Amino acid sequence: YAWDANEEYLFKAMVAFAMRRYSSKSTTQISNVLLCNITDRVSFWFVVTDSSKNVTTVPGSEIEAAIRMNRNRINSAFLLNDKTLQFLQITSTLSPPVEPSTPVWLIVFGVVLCLIMAGIVFLVVGGIRKHKKKNKEPTERENLEEKGEVNVTVENGIPCEVLDLKAGHINGVFAADDERFTPL
Amino acid sequence: LTMPPEVPEEDGRPKWDNKFQYILSCVGFAVGLGNVWRFPYLCQIHGGGAFLIPYFIALLFEGIPLLHLELALGQCVRKGSIGAWNTVSPYLGGVGAGTWMASVLVSLYYNTVLTWVMWYFINSFQEPLPWSVCPLNENRTGLNEECYESTAVNYFWYRKTLNITPDVTESGTLQWWLILCLAACWAIVYLCTIRGIETTGKAIYVTALFPYVVLTIFLIHGLTLPGATDGLTYLFTPNLNALKNPRIWLDAATQIFFSLSLAVGGLIAFSSYNPSKNDCEKDAVTVAIVNSLTSLYASIPIFSVLGFKAMTGYWDCLDRNILNIINEFDLPEESIMRQNYTAWISFLNSSYPEKIAGLKLKSCDLQEFLDQSVSGTGLAFIIFTQAITLMPGSQAWAILFFTMLFCLGLSSMFGNIEGVFTPLLELQVFKSTPKELLSGIICLVSFLIALCFTLASGSYWIDIFDSYAGSLPLLVIAFFEVFGVAYVYKIKRFSKDVKRMTGRKPNLYWQMTWKFISPLLLLIVFVAFVTLQTNKPPSYAAWNPKYEGFPMKEEKVYPPWVVFICVLLAALPCVFIPLGALFHLIKQIRRSSDLSFVPTQVFSCQGANS
């Protein structure tokens, strides 16, 4: 927005408002605030006169204190901030950054760590279970083999299983001969 | 009973689920943090595009031959680094032990870098980002002094993260937040390497591929930022005069060597899980080319963002000057813009020279901002984080960036841990321990030792480890690797073994590089490297808030006991080589003096399998 006489009026009003709030006497009028040396840069000097005591200006320290108290309101009236609306010789007290009760990073860290621990426990338990299964399997196989040896039946000195392999096979020659016989 | 050669090995050795997993693991191991924060820096300081010439020459004559050698050796012998070199020649057993030691040292400090990445990652979930604003001082009248003099990002890195001491001798205390992050990092490494390649093989799909996704996102975003084109032209404009400087050749050779993670035994471990009939020649060329292309690909978004940062810095400088001038001359707002700044300055200088001189304006030069080149942790944690705060949606960018760095580092850690883990598994002592327990012990012991890096002076020690344990010994070991295979084991036998595995005899290129070119190159690089290191007393740059030149870093010299540790670190892996040869020689002498002398069998690659 352009800086014109209306804005100057608003500025005077804000300074008067600040003075009223600070000293809590409602005698400061807009006409008490005087602007001078206005430049294109939009920089100027201003003084606040005291109407109760004739033609005296309010000491600078009082004005400084008043403006410091109401800095926020003055800034927002002009939609500016401490950097863009500067009062020379009035340093702003900086607001501290918001600190949550637990630092955020600890929360994130906790989440990450829980996930990792869950993964490790899962894998370790899985490994232990696999190990136990592997240890059980060979012992089971050994038991079966022992039983097998006891039950091998022997006939004519040849174990039955070997006989089975040789017996029961169709002798191709005889099968072919069967076909020569006419079916009854 | 001899097994027919076509039957796959049934020796109960774990194997990769598929070929892609193996290639991805090797690529992940090779592609690490150095590709992102060292290669673009080297490109920048060595004349941009001109650096690519010595880089590719080094790749061709040093990188690929050594890579092929290691992969072929591991695949042929099917053992970790200690067993592999013992098989090549019992006199070379020390080389295997040296690579194992180097792996241990590198794993120790590498994970601490990941700790810092993790710390930044978990701090990226805040609004505003903690490294973008300075905290207030005690009476809240202004900003913290250390932060005000340097920048918010510097303050967060040096004070809030490292809490660094001004001197390497002042150890300070253990930083509890770093201990927590270190524990988390080692827990993640344990989780992923708990059963060796069974688990890393699954994890590598994420950790090796995710960085490429993020790099692409950063590439697209980075190219849209203002100033990106300036950064890229600055990076890639070739300055062929730079080739005359011998330093560029040395840097190219060392960059290729360290970038491919050679001589740490991790590659031998990975390829030892391969089936014997695998084409290791193609694998080696693939991994090397992918690694170099990744370096190039990563430098584009990095330099777009750095160009953006330089442009922003330049604009800030201009804006500050403009504000001063406007305030001084009471000109209306927006009368001087960035575009007509130079015209105004010359006009004002001619009409009111004293006033302009009194303002003490800083000269703003974009080149100067672009010239501020940093590599290593400074690039990631100071420069890049600052650039991220300038982008809208900085939390998301920060989270993406640090996840990418974490994945890059983690996939390299897998290779380092495998280099430690696989040889230990093959030792007689550990034959019966379950894998989970062994990897747990490795991670726990490494965590406890790495606690020293969480001291306030920890980052100085990491620099020491990086410069002395992670560089010089590897060159020595690699030289003995090539020498051992080419002259002790003999190239003819090795070529026969490679032919058996790949189906074709290695051609003239491989023979020449293995026999002559690579050993010679390594020797030259080693000599040049040592000459450069010993040229001046080893010094470091300390962050000292009480220094007059603050925020510049103070140059300090290492005290003698620290120099002793540096020498020890460099010598420790190397000393295993002669010790191993000596040990075997003594064993031979004792055996020959024994009456029941049995000639030792000379193993060949085929012999190791049957």
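**Reading a buried residue and its surroundings**

Modeller: Let us begin with accessibility in this predicted model. B:Ala30 counts as buried, because its relative accessibility is 4% and the cut-off for buried is under 20%. B:Ala30 belongs to helix 1 of chain B, which covers residues 19-30.

Biologist: Which residues is B:Ala30 in contact with, leaving aside its neighbours within four places in sequence?

Modeller: B:Ala30 is in contact with B:Asn35, B:Ser259, B:Leu260, B:Ser261, B:Val287 and B:Asn291.

Biologist: Is B:Asn291 buried or exposed?

Modeller: B:Asn291 is buried, because its relative accessibility is 0%. B:Asn291 lies in helix 14 of chain B, residues 280-329. Residues up to four places away in sequence aside, B:Asn291 touches B:Ala30, B:Val31, B:Asn35, B:Ser259 and B:Leu260.

Biologist: What does B:Ser292 touch, not counting residues up to four places away in sequence?

Modeller: B:Ser292 touches B:Tyr55, B:Phe56, B:Leu59 and B:Ile256. B:Ser292 is also in helix 14 of chain B, and at 1% relative accessibility B:Ser292 counts as buried.

Biologist: Let us turn to the two chains. How is the size of an interface given?

Modeller: It is often given as the accessible area lost when the parts come together. Here chain A and chain B bury about 2,400 Å² between them, and 74% of it is on carbon and sulfur atoms. Of the area that chain A buries against chain B, A:Arg41, A:Trp105 and A:Phe109 supply 32%, more than any other three residues.

Biologist: How many residues of each chain are in contact?

Modeller: On chain A there are 25 residues, in contact with 32 residues of chain B.

Biologist: Which side chains meet in a salt bridge between the chains?

Modeller: The count is one salt bridge, in which the side chains of A:Lys130 and B:Glu198 meet at 3.9 Å, N to O. By class, the side of chain A that touches chain B has 15 nonpolar, seven polar and three charged residues.

Note on methods: Residues numbered from 1 in each chain as written. Chains lettered and ligands numbered in written order. Predicted model: local features only at pLDDT ≥ 70, side-chain atom pairs only at ≥ 80, totals over all residues. Heavy atoms only, no water. Contact = heavy atoms within 4.5 Å. Buried area = accessible area lost by both parts, 1.4 Å probe. Salt bridge = Lys/Arg side-chain N within 4 Å of Asp/Glu carboxyl O. Nonpolar A, V, L, I, M, F, W, Y, C, P; charged D, E, K, R; others polar. Helix = DSSP H or I, 4+ residues; strand = E, 2+ residues; numbered from the N terminus. Buried < 20%, exposed > 50% of the residue type's maximum accessible area, 1.4 Å probe, protein only.
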